Amino acid sequence: MTDPFPGVVGHAQALDQLRSQLKTQRLAHAYLFVGESGLGKSMAARALAAALLPEAPLRRNPDYWEDDRIKPLSINEIRLLPDKPPEFHELSLQAFLNLKPAVGSRRVAVVTNVGRLRDQDQGVLLKTLEEPHPNRVIVLTTPSLNPFVVLPTVVSRCQRVFFHPVPAPDIAKLLASHGVDAQRARLLADLSGGRPGWAMRRAGDASVIDLHHSWTRRLEEIFGAPADVPLRLAAQLDSEQMGWRRSEADEEDPVLFAIASWQIELRRRMLASRGREQGTWARLLELSYDTLGYLEQNVSPRLALETFLLECRKAS
């Protein structure tokens, strides 16, 4: 049997689960692919859809419906009887699923980032999940199971499939297979935070490497500096992140990118040193991961950064 997920890097557990269900044809009526942006959830969703709809390529298969736009998803794209014709699709999602398959035995729909739907609109989608049609499969993706992102009732009606960060060597290998220089591939893989999609999108962007070197220099300026230097840097990064959140741009969180750059430099220094000095760099590297954990727990980014950078200041 041909592998249905040939282009998806990593995620062995998630893909093995889906392969097993494809082989036995014991499929869920709805899936929720969970994991941060850039891990490959959408690619895996399309690969699953292609395996379920072998009669024609997805781009011209009448039994396939997809919405992967960044913009919020309108209720008229979802409900059976929209107030006005759907803006983006010929049929709303519910109308599409109500029709019998046109060329195959199934209809498949993929909605990426279901959090684009407002709560009341997710409530409309919930009706479809609660009363599934036979031979229909819906795949939703989400970066988080936070109830402010996706309703718990929607989560409960789906089979969850979790996607985790991919090891850097696997991402570097992927980049190299697409012609990226080996050294650049390794650096992008380290900066990616385990996200193959992010690494592939940035493969040809020279500014990413320049930005990495810029943040590395800023860290070097911290070592042995007066206390106001790390405090100013923490304030700057906090301000940049606030601007990034307001812009809703499809760019990298400046705090996460800066910490990824710093981790590369701290790891380099740790591997190049011995004894007590090596322990110092190892401790700071561990503290950088603790800082990422604090940020996920909604600790004040500025406070978390100040704590980390003030510890870095003690290194020389």
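The structure is a predicted model, in which local features need pLDDT of at least 70 and side-chain atom pairs count only at pLDDT 80 or more, whereas totals for chains, interfaces and linings use all residues. Residues are numbered from 1 along each chain as its sequence is written, and side-chain values use heavy atoms, with hydrogens and water left out.

Helices (H or I, at least four residues) and strands (E, at least two) are DSSP runs, numbered from the N terminus. Helix α1 covers residues 12-24. The expected span of a helix is 1.5 Å times one less than its number of residues. For the 13 residues of α1 this gives 18 Å, which agrees with the 18 Å between its end C-alpha atoms. Burial is assigned from relative accessible area (buried under 20%, exposed over 50%, partly exposed in between; 1.4 Å probe, protein chains only). In α1 the buried residues are Ala14, Leu15, Leu18, Gln21 and Leu22. These residues cover an arc of only 125° around the axis, which puts them on the same side of α1; the arc is that of the directions from the helix axis to the C-beta atoms. An α-helix has 3.6 residues a turn, so residues three or four places apart point the same way. Ala12, Gln13 and Lys23 are exposed on the other side of α1. The cover over the buried residues of α1 includes β1 (30-34), α2 (41-52) and β5. Asp16, also in α1, is partly exposed, with a relative accessible area of 44%. Its C-alpha atom is separated by 9.8 Å from that of Phe5, 11 residues apart along the chain.

His11 lies in the segment before α1. With a relative accessible area of 10%, His11 is buried. Most residues other than glycine have a negative phi, and most peptide bonds are trans. The phi of His11, which is not a glycine, is positive, at about 60°. A positive phi, near 50°, is also found at Asn113, in the loop between β3 (107-111) and α4 (119-130). Asn113 is partly exposed, its relative accessible area being 32%.

His164 is placed in the loop between β5 (159-162) and α6. Leaving aside neighbours within four places in sequence, His164 is in contact (heavy atoms within 4.5 Å) with His11 and Leu39. The C-alpha atoms of His164 and Leu39 are separated by 7.1 Å, although these residues are 125 residues apart along the chain.

Another loop, between β2 (64-67) and α3 (93-98), holds Asn76. At 7% relative accessibility, Asn76 counts as buried. Beyond its neighbours within four places in sequence, Asn76 is in contact with Pro82, Asp83, Lys84, Pro86 and Ser92. A polar atom of the Asn76 side chain lies 2.9 Å from the backbone nitrogen of Asp83.

A nonpolar core is a set of buried Ala, Val, Leu, Ile, Met, Phe, Trp, Tyr and Cys residues joined through side-chain atoms within 4.5 Å. The largest such core has 46 residues, of which Leu175, Leu191, Trp262, Leu266 and Leu309 touch the most other members. Elements that give two or more residues to this core are α6 (168-177), α7 (182-191), α8 (196-201), α9 (206-222), α10 (228-247), α11 (254-271), α12 (275-296) and α13 (301-313). The most comes from α11, with 9 residues. Not counting residues up to four places away in sequence, Leu191 touches Trp198, Val208, His212, Phe257, Ala260, Ser261 and Ile264. A second, separate core has 25 residues, including Leu22, Phe33, Val139 and Phe163.

Helix α9 has 17 residues, which should span 24 Å at 1.5 Å a residue; the end C-alpha atoms are 26 Å apart, which agrees. Val208, Ile209, His212, Trp215, Thr216, Leu219 and Ile222 are the buried residues of α9. Down the helix axis these buried residues fall within an arc of 125°, so they line one face of α9. They pack against α7, α8, α10, α11 and α13. After α9 comes Gly224, with a positive phi near 75°.

Key. Polar contact = N/O pair within 3.5 Å; in protein donor to acceptor, adjacent residues only side chain to side chain.
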